[in-house]
Amino acid sequence: MFCNLKKFTNWEYWPSFMFYIPVVPYALYLAVKSRSFGFFSAVNPAIEGSGNGLESKYDTVLLVPKKYSPKTIFIEKGTKIASILLKISSQNIVFPLIIKPDVGFRGLLVKKINSEKELSQYIQKYNSINLIVQEFINLKKECGIFYYRIPGEKEGTITSITLKKYLTVLGDGKSTLLELIRNNKRAKIYIELISELNKDKLQTVPFKNEEIILTVIGNHSKGTQFINGNHLITPKLTTILDKLNKNIKGWYYGRVDIKYNNFDELLEGENFKIIEINGIISEPTHIYDPSKGTYFSALKTIKNHWKIIYEIGIHNKKLNNINYTNLSYLINLYFSYKKYLTEIKKLNATYPI
């Protein structure tokens, strides 16, 4: 009861449509202004659909320079576990590893896999969809950096940095892990999810001051806390993103999710990995830090990013002859999205992660 009330009263936990439906009238205005409902489709020519949520994660990982990308393999639906293990071995990927749908959003079905047994169980449940396997990047911290560059301009802009704090509890030397979860204000909101993820440890008693990380998936829906890190935006960091952008021809807008050891190393362009590149559907996730903003300031930020999408779209059409998609494509895209989401929800309801 408390968890439901907490999600209802704190806008940080509200469903995604609450952040997008209010902006729809402005998006329609931009469509009229550009004379196309598909103006956003010209934003990222390098990514299928400009990154509308139905693009292949595997294909977008391939865009990242190898120096910064995790080892990743594509698993076609229906592939047997023996073949998957051979692929993993050939790429020198070891356990633990990360597995997720090739098409996915908001951390859906993303899981850390610790053994062949766990991998086999996952594949048995979800082998009706394409998947990707990635090496687990054992760097301590994670952030999301939102970047864009207007076509024709030499330098881009960082609009958002989100520092991600994994969901943790602190041991007191007396309470079981389950008791610590129940007594933690944030953890108990996600108690069903994290109890499943930590089911083998729930009755253990952590040492006093021992920090237990409950999930290492840096997604808000998995309990990760999003912290506004915009104070870390500097010309030096922008230069690093500019260099990345110039190595990915046809990517102008979106969020890169990065694992790193410390921010000083990241500023030097060292010791970090880009685990995902996202396109037009991505969010400047610093907005979900309620200590630094309000629901209405979050809406304003989303609106401003739609304006950026519009500007990049029209510039790409004029300068690079990138065509907008037509209305029939967008209608088909919507139904494809609904069909895929229905399938995923059905799998998730049958085999919750």
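Predicted model: local features only at pLDDT ≥ 70, side-chain atom pairs only at ≥ 80, totals over all residues.
**Exercise 1. Helix 9**

Which residues of helix 9 are buried, and what covers them?

*Solution.* Residues are numbered from 1 along each chain as its sequence is written, and side-chain values use heavy atoms, with hydrogens and water left out.

Step 1: place the helix. Helix 9 covers residues 235-246. Helices (H or I, at least four residues) and strands (E, at least two) are DSSP runs, numbered from the N terminus.

Step 2: list the residues. Leu237, Thr238, Ile240, Leu241, Asp242, Leu244 and Asn245 are the buried residues of helix 9. Buried means under 20% relative accessible area, exposed over 50%, and partly exposed in between (1.4 Å probe, protein chains only).

Step 3: name the cover. It includes strand 5 (141-148), strand 6 (157-165), strand 10 (253-260), helix 10 (263-267) and strand 11 (272-277).

**Exercise 2. Helix spans**

*Solution.* Step 1: state the rule. The expected span is 1.5 Å times one less than the number of residues.

Step 1: look past the end. Asn321 follows helix 11 and has a positive phi.

**Exercise 3. Helix 3 against helix 11**

Describe how helix 3 packs on helix 11.

*Solution.* Step 1: get the geometry. The axes of helix 3 (residues 24-34) and helix 11 (residues 295-320) come within 10 Å and cross at roughly 15°. Axes are lines fitted to C-alpha atoms, for helices over the stretch in contact, and angles run from 0 to 180 degrees between N-to-C directions.

Step 1: classify. Helix 3 is therefore roughly parallel to helix 11. Angles under 35 degrees count as roughly parallel, over 145 as roughly antiparallel, 65 to 115 as roughly perpendicular, and the rest as oblique.

Step 2: The crossing of helix 3 with helix 11 is right-handed. A crossing is right-handed if the near helix is turned clockwise from the far one by less than a right angle, and left-handed if anticlockwise.

Step 3: name the partners. Helix 3 brings Tyr26, Ala27, Leu30, Lys33 and Ser34, while helix 11 brings Lys303, Trp306, Lys307, Tyr310 and Ile314. Contact means heavy atoms within 4.5 Å.

Step 4: sort by class. The contact of helix 3 with helix 11 has 6 nonpolar, 1 polar and 3 charged residues. Ala, Val, Leu, Ile, Met, Phe, Trp, Tyr, Cys and Pro count as nonpolar, Asp, Glu, Lys and Arg as charged, and the others, Gly among them, as polar.

**Exercise 4. Helix 5 against helix 6**

Repeat the analysis for helix 5 and helix 6.

*Solution.* Step 1: the axes of helix 5 and helix 6 (residues 116-126) come within 10 Å and cross at roughly 130°.

Step 1: the two helices are therefore oblique to each other. Helix 5 passes helix 6 in a right-handed crossing.

Step 2: Ile81, Ile84, Leu85 and Ile88 of helix 5 meet Glu116, Leu119, Ser120 and Ile123 of helix 6. The classes here are 6 nonpolar, 1 polar and 1 charged.

**Exercise 5. Asparagines in loops**

Is each buried, partly exposed or exposed: Asn52, Asn271, Asn321 and Asn183?

*Solution.* Step 1: Asn52 sits in the loop between helix 3 and helix 4 (57-63). Asn52 is buried, at 15% relative accessible area. Setting aside neighbours within four places in sequence, Asn52 is in contact with Ile280, Ile281, Tyr329 and Leu333.

Step 1: Asn271 is in the loop between helix 10 and strand 11. Asn271 is partly exposed, at 39%. Its phi is near 55°, a positive value in a residue other than glycine.

Step 2: Asn321 lies in the loop between helix 11 and helix 12 (327-350). Asn321 is exposed, at 63%. Phi of Asn321 is near 55°.

Step 3: Asn183 lies in the loop between helix 7 (177-182) and helix 8 (191-197). Asn183 is exposed, at 64%.

**Exercise 6. Ile181**

What does Ile181 touch?

*Solution.* Step 1: Ile181 is in helix 7 and is buried, at 0% relative accessible area.

Step 1: not counting residues up to four places away in sequence, Ile181 touches Val169, Ala187, Lys188, Ile191, Ile194, Leu202 and Leu214.
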